[in-house]
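Open your viewer and get the selection tool ready.

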Amino acid sequence: MNKYYTFKNYNKFESGFQLVLPLNLEVLIPDDESVRLLSQEPEDLDYTLLYKAYSAKGRNPVVDPKTMFKILTYAYSQNIYSTRKIEKACRRDINFMWLLQGQKAPDHSTISRFRTGYLAKACEDLFYQYVRKLAYMGELGQETVFIDGTKLEACANKYTFVWKKSEINGKKKCCPIFRK
């Protein structure tokens, strides 16, 4: 017999040889956790636009579109916006694993394709439905309104910003309709 041939005792705990997480993640997530609310509430939304955006031909999606929407919603609520960070959270965070319900974690390009391109309109519609539902339930406070004050850089010169007053003056110079 070969002297280098040894038997491994798999009953004894050694790192790398045994799964330590319980297979049922339901036990680890408390009943009052926000992920449970964010998973339950979008169930009554109308997903027809989202499922229409997916082609009947071609390959099946890695993650169900409804589950992907729940993942995005939960990620945004946790201030995670980067697709790579969402992918990392799906692989490491128990709450994201619970949302996936045993499905394979999506990669960053899948998440990016989901929220941009031709699915963007369907996602925007779902977020609009979801915000309306939460406002109707009284879960959102509507006493504060935030306005985006982004300045857009002009394409012609990288040092100029387009201000409202200069835009109005430019229109007055170009078009006789705006001179009044």
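Axes here are lines fitted to C-alpha atoms, for helices over the stretch in contact, and angles run from 0 to 180 degrees between N-to-C directions. This is a predicted model, where local features need pLDDT of at least 70 and side-chain atom pairs pLDDT 80 or more, while totals for chains, interfaces and linings use all residues. Residues are numbered from 1 along each chain as its sequence is written, and side-chain values use heavy atoms, with hydrogens and water left out.

**First stop.** Select helix 3 (residues 65-77) and helix 7 (residues 120-137): they pack at an angle of about 60°, their axes 12 Å apart. Helices are DSSP runs of H or I with at least four residues, numbered from the N terminus. Now show Phe-69, Leu-72, Thr-73 and Tyr-76 of helix 3 with Cys-123, Leu-126, Phe-127 and Tyr-130 of helix 7, which make the contact (heavy atoms within 4.5 Å).

**Second stop.** Move on to Arg-36, in helix 1 (residues 34-40). Is Arg-36 buried or exposed? Arg-36 counts as buried, at 15% relative accessibility (buried is under 20% relative accessible area, exposed over 50%, partly exposed in between, with a 1.4 Å probe and protein chains only). A polar atom of its side chain lies 2.9 Å from the backbone oxygen of Pro-30.

**Third stop.** Finish at Ala-89, in helix 4 (residues 83-92). Ala-89 is buried too, with a relative accessible area of 10%. Leaving out residues up to four places away in sequence, Ala-89 touches Ile-80 and Phe-96.

Note on methods. Helix = DSSP H or I, 4+ residues; strand = E, 2+ residues; numbered from the N terminus. Polar contact = N/O pair within 3.5 Å; in protein donor to acceptor, adjacent residues only side chain to side chain.
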